[in-house]
Amino acid sequence: MSHVSLIDAGELELLLTTARTFVRTELVPHEIALQAATWQEAEPVLAALRERAKALGLWAPFLPETLGGAGLPLDAYARLSEVLGWTPFGHYVCNCQAPDAGNMELLLQFGTNDQKSRFLAPLARGEIRSCFAMTEPEHAGSNPVVMSTRAVRDGSEFVISGHKWFTSSADGAAFAVVMAVTDPDAGAAHQRASQLIVPLPADGYTLVRNLPVMGEAGGGWASHAEVRFENVRVPEANLLGPQGAGFALAQERLGPGRIHHCMRWIGICERAFDLMCRHVAAREIAPGESLASKQAVQFWIAESRIEIHASRLMVMDAAARMAREGQEAAREEIAYIKVFVANTLQRVLDRAIQAHGALGMTDDTPLAWWYRHERAARIYDGADEVHKTVIARRALKPYLSARGRR
Ligand SMILES: Cc1cc2nc3c(=O)[nH]c(=O)nc-3n(C[C@H](O)[C@H](O)[C@H](O)COP(=O)(O)OP(=O)(O)OC[C@H]3O[C@@H](n4cnc5c(N)ncnc54)[C@H](O)[C@@H]3O)c2cc1C
C-alpha cells in the first residue's frame, strides 16, 4: 500500500458515500443477529455481504487493484476505515479485518512470488483466513523479544516448537504467520526471531482451545486461540522476509495497523455518540422533559464530541507524517494515537452505555458487544503504559542528558 494519497478527492468522497450507505442500509440491519450467532451461523450471511462489498468496489480497500483491492493509500483508507467502524462487521465484510489485513500487508511487502500466489492471492480473494502467532502465555507480550518458541533448521526445513496464545482467528485459519527464534545466538535480541508461514492444519499443530474472552469464546474469525506447535515442519521457502528479521517485519506491520485500528475505533465512537444522542433526546424522564435536558448528560455529549474530534485530527496527522517521512519518523505520533484513541473509545462507550441505562447492558444495541470486545484496545498492539513509556522517554531525554552534564 502506498502511503501517499494519489486518489482524487471527489472519487474518495463518492467511495465514502457508497460505503456509508452500504453500512447503514445493508450491514446495520444484520448486526444484532450476527452478534448473537455462532460463527457457523454467521459465516454464510457474511459471505453474501462480502460479495456485495466486492460489487460496490469496497473490497480489500488497502490492496492494489491487481489483487482485487481498491488501491487506497493510507490516508484515504483511514477515512474509509472510520466509515466501516460504524458496525462491528464492516471490516470483515470488506476483507480489511485484523489479523488478515496485517498479514496481507506483510506478504505484499516481503513475500516471495511463490508465497504471494499460495497465501496472499487466496487471502485477497477472501477464500481463506489467516492468523498471526507471536504472544506466548509464559512471557510478557509487551517485551516479545523474550520468547520460547524455536524454529530449528533441519536440512531444507524448519522444525517449529512452541506455545502461543491470543492467536486471533486461528480457528479455521488456513495458515499462521508464526514468530519463532531461529538465531538464538544473534548479538541483538531483536535479531533472533523470524516469521514463518505455517499452513494449517499441520502435523504437530494443536488448537488447544478458543479462549473465553469477556465471557465469549467466539469461533472462526472471532476466535482468540491457545495453540501448540510440536515439531511442526515447514520448508525454508516458508520463511517470510530474511531470517532474523521477524521483529523488523512486525514493526512494519504495526505502524499502518495502528492507524487502521484507531480509525475503526473512531467509527465506533461516532456510532456510540449517535446512539447516545438519539436515546437521550427520545427518553422522557418526566412528562415533557427529556434526558437530554440534564447537564450531566450534556457534558457527556460535549466531552465525547471534543474527544472524538481531537482523536480524528491526531490520527490524520500521524497518517500524514507517516506518508511524508516514513514510519520511524511518525513513531511518537503513533504512540500518542494508540493511547489517546483507545482511551477515548472506552470513555465514549462507557458514557453511551450509562445514558442508555439498563438497555445499554443488553445486546439490543451494539454498545455492550463493543464494550466487551474493545476493552482489549488498551492492551493489544502495545499496552497504554508501553506507549507512554516511549513518549516520556523521548520527552525526558534532553533533560536527563543535561542533568548528566551538570
Ligand atoms: C483481544 C486480543 C487479541 C490479540 N491478538 C493477538 C494476535 O492475533 N497475535 C498475537 O501474537 N498476540 C495477540 N494478542 C496479544 C497482545 O499482543 C498482548 O496481550 C500484548 O502484547 C500484551 O502482552 P501480555 O498480555 O503478555 O501482557 P504483559 O506484557 O504481561 O503486560 C501486562 C500489563 O503490564 C503493563 N506493562 C507491560 N509492560 C509495561 C512497561 N514496560 N511499563 C509499565 N507497564 C507495563 C501493561 O498494563 C500490561 O497490560 C491479543 C491480545 C488481545 C487481548
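Which polar backbone atom is 2.9 Å from an oxygen atom of the ligand? I found that it belongs to methionine 134. I was working with a predicted model, where local features need pLDDT of at least 70, side-chain atom pairs count only at pLDDT 80 or more, and totals for chains, interfaces and linings use all residues. Residues are numbered from 1 along each chain as its sequence is written, and side-chain values use heavy atoms, with hydrogens and water left out.

**Ligand**

I kept going with polar contacts (pairs of N or O atoms within 3.5 Å). A polar side-chain atom of glutamate 385 sits 2.7 Å from a ligand oxygen atom. For phenylalanine 132, I noted a backbone N or O atom 2.8 Å from a nitrogen atom of the ligand. On its own the ligand has 970 Å² of accessible area (Shrake-Rupley method, 1.4 Å probe), and the protein covers 65% of that 970 Å².

**Cysteines**

Next I looked for disulfides (pairs of cysteine sulfur atoms within 2.5 Å) and counted zero. Cysteine 96 is in none: the nearest cysteine sulfur, in cysteine 94, is 5.5 Å away. I also saw that cysteine 96 is buried, at 4% relative accessible area. Buried means under 20%, exposed over 50% and partly exposed in between, with a 1.4 Å probe and protein chains only. Cysteine 277 is partly exposed, at 25% relative accessibility.

Terms used:
Polar contact = N/O pair within 3.5 Å; in protein donor to acceptor, adjacent residues only side chain to side chain.
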